[in-house]
Amino acid sequence: MLSKRIKHKKINFGCGWDKREGYLNVDVDSNCKPDLLIKNNDYSVIPKNHFNEILANDVLEHISHTLTLSTLLDWSEFLTDNGTLHIQTSSILGVARQLTKKKGFADQLGWTVCLFGNQAHEGDFHHVGFTETTLKVHLLAAGFKIDSFKERDQWLFHVDCHKKENWMDVITENKKADDETYVTAIFNAAFGRKPDELGGQYIRNALKNKELTRKQAAKHLFQSRERLYYIASQHNM
Ligand SMILES: C[S@@+](CC[C@H](N)C(=O)[O-])C[C@H]1O[C@@H](n2cnc3c(N)ncnc32)[C@H](O)[C@@H]1O
């Protein structure tokens, strides 16, 4: 099994041509010949709870905003406790500021491309950009503690953070619990509230009918919009 053979302790996620020595260089684009080529968003060969560091330069904006939180939860799962995550990604307001300042065509076109990506090959499209608030809330919602948050080169966020909370703890803590108790626990862990009638019933039925595993049920809640709103309100954002 490939995951058993992976000895690297660091991942360069979305490496492109910037392949780094000592890192497991991972990408969806075969042209850059990554160490690990991801197909159909299948990250299952990447070992869990294994890496000390993830580097993700200019990649988060290449992933659909519907998957931002889910991707960060996956990255958290790849990391050991306290493992570090280093991100560089685009600031929408940074680009907007440049567009307001620089009025010539070449600048306006160049900054538009910065916002939407070069679009030269598969994976080279920007599906989202961030503000300080949206990026921070996503990271916090995935259990990361932000150690440093900077804007550089007028339009790029550089963030250093580490895995502080493991969103999967609720699964292990409730290993022996029945489904009812488990569902109550995952709603509480993800949203700080009891299951609502419809939501609780949906998850209980999905578990009973084996449409979702316990981990999938927890991730379903942790990757949701409600999780983002809950974390934002907890941090007054
Ligand atoms: C702008 S390049 C950045 C490359 C490199 N990290 C750097 O800083 O030069 C973005 C890279 O992310 C890759 N990418 C896009 N979606 C991805 C995904 N879901 N998983 C892994 N890599 C992805 C693209 O194929 C591309 O190589």
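Me: What is the relative accessible area of Asn41, and is this residue buried or exposed?
Reply: The model is predicted, so local features need pLDDT of at least 70, side-chain atom pairs count only at pLDDT 80 or more, and totals for chains, interfaces and linings use all residues. Residues are numbered from 1 along each chain as its sequence is written, and side-chain values use heavy atoms, with hydrogens and water left out. Buried means under 20% relative accessible area, exposed over 50% and partly exposed in between, with a 1.4 Å probe and protein chains only. Asn41 is therefore exposed, its relative accessible area being 52%.

Me: Which loop holds Asn41?
Reply: Asn41 is not a glycine, yet its phi is positive, near 55°. Strands (E, at least two residues) and helices (H or I, at least four) are DSSP runs, numbered from the N terminus. In these terms, Asn41 belongs to the loop between strand 3 (36-37) and strand 4 (51-57).

Me: Which residues of helix 10 are buried?
Reply: Helix 10 covers residues 225-234, and on its other side Arg225 and Tyr229 are exposed. The buried residues are Arg227, Leu228, Ile231 and Ala232.
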